[in-house]
Amino acid sequence: MSAQKPSIPQGTRDFGPAVVARRNHIFGIIRRVFEKFGYAPLETPTLENLSVLTGKYGEEGDQLLFKVLNSGNFLKKQKGEVIKEEVTPDDLLAGPKKVLPKIAEKGLRYDLTVPFARYVVMNRGTLTFPFKRYQIQPVWRADRPQRGRYREFYQCDADVVGTDSLLCEAEIVLMMSEVLNTLGLTDHTIKINHRRVLGAFYQALGGEGTETDLFVAIDKLDKIGREGVEKELLERGLSAAATERLFDLLSVGGDFEEKLERLLAGFVTAGVAPDNATADGYKGLQDLQQVLAYLRGFGFDKWQNLEFDVTLARGLSYYTGCIFEIKINNVNMGSVSGGGRYDNLTGAFGLPGVSGVGFSFGVDRLYDCLEDLQLFPEAVATTTRCLLTNFDAEGELAMLPVLRQLRAAGVASELFPEAGKLGKQFKFADAKGIPYVLIQGPEERAAGQYKLKTLATGQEQTVTLEQVLAELQ
């Protein structure tokens, strides 16, 4: 058998020990913040039925779903097998839409929100509402790999279902802010908008095209610019006059409250003033005002990091209320988090009327930002805190009780597995980032003492085992 050059699928990666340790640093901070706000952990399967996934992410999202072929040969029946429906030559000629339902019934999860909605519906009899959950698992998208965009990546979701309270939206802002500031990513912008505000834009355009077309195009504004969005809207059926009116509304300036006031006035000018205060666009602005009031009540003081961004659209079709996105300003990177409120998602699975809101951190993008800005603590990638040297067979046995006591005291330690020169052992510790080396040669063993060396400074001190434990704990 010839040797095969090893490889992994495009858009996937291996993670070595140092990278995993840094990723766990991110996971740990996110997990602690989620649990502090009352969210409980949940996991769902890697595979979901395609009937669960399709139709929840918009047309573009459906195209990015990884479909998993059913086991077996679907082009012909095998002896002894029972196949529900055979693929015929006519099916093959008809194209993928005809063939796919017969050869693929499952797919890799695209995100964690839709599986969560499916879980809620299936377990509604055992859950206490409002139900808060967080989920940290990988997802898959058949996207074109590029910097910050992978085909396999982790998401860290937090969602609450069973309440319409905008207190949840305010707490999402607080969680986002706490995670980013704890990680050291202080130069960030948490962007907020409301789907009903975007719906009012749609009304201002006279209802041309479809709302989904409008949302998908606006969502690309930071990627393809005004000219690109205008071109896409024109191709989707909007008139040049309508797109001009749209950008007049999108260009509103000022701080959070000023934008709210100017948009109210802008909708009046555009001819969409409501007969009452519950009309969609105005209800969206009122929701944002309430979120602002909650944040003031919490004593939120990171206003420089919070922006009412009227161009924020979030392309996923299931959002119905407030929507969120986070941008790290001092790194060339796309959004590192996004989310929003969804009123109809569980309705797709037979449980209407259950509102939910949530968001997700993209850990891979957070990692790249922290690495670019050199914000990972030096000790994060170090698993072993102390290396015990190995002089000879007698010294190796003498070090075993010491190793046991260090580990019992919670000090991550290891004994170099082979007797050899100290230089080689120091080099090993330095390569692994182990900060301390504990040495006991024949002279130290006779005196019941040790030498503890700090590799970063080269400082060496003669100590007892009790002093070692006190120093390293």
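Modeller: Strand 12 (386–388), strand 13 (413–415), strand 14 (436–439), helix 17 (442–447), strand 15 (450–454) and helix 18 (465–472) are the elements against which the buried residues of helix 15 pack. This is a predicted model, in which local features need pLDDT of at least 70, side-chain atom pairs count only at pLDDT 80 or more, and totals for chains, interfaces and linings use all residues. Residues are numbered from 1 along each chain as its sequence is written, and side-chain values use heavy atoms, with hydrogens and water left out.

Biologist: Which residues of helix 15 are called buried?

Modeller: They are Gly395, Met399, Val402, Leu403 and Leu406. Buried means under 20% relative accessible area, exposed means over 50%, and partly exposed lies in between (1.4 Å probe, protein chains only). Helices (H or I, at least four residues) and strands (E, at least two) are DSSP runs, numbered from the N terminus.

Biologist: What span does helix 15 reach, and what is expected?

Modeller: Helix 15 (residues 393–408) has 16 residues and reaches 23 Å between its first and last C-alpha. The expected span is 1.5 Å times one less than the number of residues.

Biologist: Where does helix 15 bend?

Modeller: The bend is at Met399, by about 30°, and Pro401 follows within four residues. A bend is the angle between axes fitted to the seven residues ending at a residue and the seven starting there. Just after helix 15, Gly410 has a positive phi of about 85°.

Biologist: Why is Thr389 called buried?

Modeller: Its relative accessibility is 2%, so Thr389 counts as buried. Thr389 is in the loop between strand 12 and helix 15.

Biologist: Which residues is Thr389 in contact with, leaving aside its neighbours within four places in sequence?

Modeller: Met399, Leu415, Leu422, Gln425, Val437, Leu438, Ile439 and Gln440 are the contacts of Thr389 beyond those neighbours. Contact means heavy atoms within 4.5 Å.

Biologist: What makes Phe34 and Phe359 an edge-to-face pair?

Modeller: A search of the whole structure finds 10 aromatic pairs. In this one the ring centres are 5.8 Å apart and the planes stand at 90°, so the pair is edge-to-face. Rings of Phe, Tyr and Trp (its six-membered ring) pair if their centres lie within 6.5 Å; planes under 30 degrees apart are stacked, over 60 edge-to-face, and the rest tilted. The pair links distant parts of the chain, with Phe34 in helix 1 (residues 17–36) and Phe359 in strand 11 (residues 356–362), 325 residues apart.

Biologist: What angle lies between the planes of Phe359 and Phe361?

Modeller: The angle is 80°, with 5.3 Å from centre to centre, and this pair is edge-to-face. Ring pairs join Phe34, Tyr39, Tyr134, Phe359 and Phe361 into a cluster.

Biologist: How do you know that Phe359 and Phe361 are buried?

Modeller: Phe359 has 2% relative accessibility and therefore counts as buried. The value for Phe361 is 0%, so Phe361 counts as buried.

Biologist: Why is Arg296 called partly exposed?

Modeller: Arg296 has 45% relative accessibility, so it counts as partly exposed. Arg296 lies in helix 13 (residues 280–298). Apart from neighbours within four places in sequence, Arg296 is in contact with Glu257 and Trp303.

Biologist: How far apart are Arg296 and Ala170 in sequence and in space?

Modeller: They are 126 residues apart in sequence and 9.6 Å apart in space, C-alpha to C-alpha.

Biologist: What is noted about the phi of Gln374?

Modeller: Gln374 has a phi near 55°, a positive value in a residue other than glycine. Most residues other than glycine have a negative phi, and most peptide bonds are trans. Gln374 is in the loop between helix 14 (363–372) and strand 12. With a relative accessible area of 71%, Gln374 is exposed.

Biologist: Is the peptide bond from Phe129 to Pro130 cis or trans?

Modeller: That bond is cis, with omega near -5°. Pro130 is in the loop between helix 6 (113–122) and strand 5 (131–140).

Biologist: How many helices and strands does the protein chain have?

Modeller: The protein chain has 18 helices and 16 strands. Of its 473 residues, 47% are buried.
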